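Me: I would like a close look at one part of this model, the surroundings of the ligand. Please keep the answer connected, and continue into the neighbouring parts of the fold where they can be described.

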Amino acid sequence: MIAGIELGGTKTVVAIGSADGRVIEEFRFPTTLPQETLGVAIEWLRARGQPTSIGIAAFGPIGIVPNRANYGKVLETPKAGWAGFSLVGCLASAFPTAGIILDTDVNAAALAEARIGAGIGLDDVAYITIGTGIGGGILSGGHLIHGALHPEFGHLKVPRMAGDDFPGTCSFHGDCLEGLASGPAIAARWGTPAHELPADHPAWETQAWYLAHGILSLVAIVSPSRVIVGGGVCQAEGLHRKINARLIEIAAGYFPPVLGGDYVVPPALGQQAGICGALLLASSGNEG
Ligand code: ADP
Ligand code: ZN
């Protein structure tokens with residue numbers, strides 16, 4: 001039995017599925033306090049059997065590097081009650097015989113999109129989500145990148161668009177990419193939530209400009225074959241096209257074999273990317 005848990009800031013998904021990352025049965029419920037949230041997932045799984053392996057795709061920051069003291073834990077987070085909680089410890093005591101693999105929600109989504117979604121067949125894929133925050137997961141040479149912590153694409157420093165003096169909304173950095181281009185940043189900048197802005201609003205050119213600069217850094221550093229951009233904000237009509245156009249422009253003729261009109265694409269798995277990725281983490285042992 002292969003199990004997956006996607007732990008989000010507001011909702012959690014628990015599922016059992018196949019080795020190729022397809023959900024057989026799932027249950028969605030609100031994320032509350034850690035013991036209670038994982039308790040619901042554990043009870044749901046127990047009613048279905050003993051998992052042989054469990055993949056966890058979690059909001060960050062989390063300790064995902066094995067052999068470190070913080071491995072398996074939620075690190076410093078503004079989310080009340082979660083800092084220091086051991087996700088891996090909690091599941092290991094509930095299911096002592098199961099293999100447990102933890103990664104970030106965005107790394108899991110990158111894995112799922114690369115194996116069964118919009119990056120199928122590719123070993124170098126980045127997945128970016130633009131929602132309440134901005135996050136990015138990277139599959140490079142078929143392996144998920146962890147690094148010393150894990151990539152934090154949203155907190156990249158990006159150049160300022162000429163004439164833009166919006167201070168940004170990131171509580172750490174103000175005008176990092178997340179502070180300038182997340183859903184809350186759009187709402188604060190324009191006085192209207194992203195989902196209410198019409199497709200011809202200037203907000204979308206600004207949005208494409210900042211996202212293209214963030215993605216150009218990814219292209220320069222890890223050279224993905226494709227960049228998949230999802231999350232609530234990227235449901236805006238025409239946004240991927242605008243990002244592609246801006247990216248080609250600011251690349252200024254460099255990276256010619258890589259960039260093209262369909263370099264930045266929407267996800268194929270939609271809301272399912274995280275949970276499918278958790279199942280793939282479970283079935284693969286450990287991608288990293
Ligand atoms: P979370 O990061 O909490 O999972 P989402 O990925 O659902 O959240 O993103 C929420 C953000 O997406 C909100 O800022 C909302 O305004 C924006 N959003 C939702 N639907 C659309 C849409 N169709 N077009 C543009 N923005 C949208
Ligand atoms: Zn930041």
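Reply: An oxygen atom of ligand 1 sits 2.8 Å from a polar backbone atom of Gly232. Taken alone, ligand 1 exposes 580 Å², and the protein buries 61% of that. The model is a predicted one, and the values here are computed from it.

A polar side-chain atom of Thr132 is 2.7 Å from an oxygen atom of ligand 1. For His195, the distance from a polar side-chain atom to an oxygen atom of ligand 1 is 2.8 Å. In Gly232, by contrast, the polar atom concerned belongs to the backbone.

The residues around ligand 1 include these three, Thr132, His195 and Gly232. Gly131, Gly183, Gly231, Gln235, Ala194, Trp204, Val233 and Ala236 are also found around the ligand. By class, the shell divides into four nonpolar residues, seven polar residues and no charged ones.

Helix H5 covers residues 183-190, and helix H6 covers residues 203-222. Two packed helices are described by the angle between their axes and the distance between the axes. The axes of H5 and H6 come within 12 Å and cross at roughly 135°. H5 and H6 are therefore oblique to each other. The crossing in which H5 passes H6 is right-handed.

H6 also pairs with helix H7, which spans residues 239-251. Here the axes come within 8 Å, with a crossing angle of roughly 55°. That angle makes H6 oblique to H7. H6 passes H7 in a right-handed crossing.

Gly60 and Pro61 are joined by a cis peptide bond, with omega about 0°. Asn67 has a positive phi of about 75°, although Asn67 is not a glycine.

Terms used. Residues numbered from 1 in each chain as written. Chains lettered and ligands numbered in written order. Predicted model: local features only at pLDDT ≥ 70, side-chain atom pairs only at ≥ 80, totals over all residues. Heavy atoms only, no water. Near = heavy atom within 4 Å. Polar contact = N/O pair within 3.5 Å; in protein donor to acceptor, adjacent residues only side chain to side chain. Areas by Shrake-Rupley, 256 points an atom, 1.4 Å probe, with all protein chains shown as cover. Nonpolar A, V, L, I, M, F, W, Y, C, P; charged D, E, K, R; others polar. Axes fitted to C-alpha atoms, helices over the stretch in contact; angles between N-to-C directions. Helix = DSSP H or I, 4+ residues; strand = E, 2+ residues; numbered from the N terminus. Parallel < 35°, antiparallel > 145°, perpendicular 65-115°, else oblique. Left-handed = near helix turned anticlockwise from the far one by under 90°.
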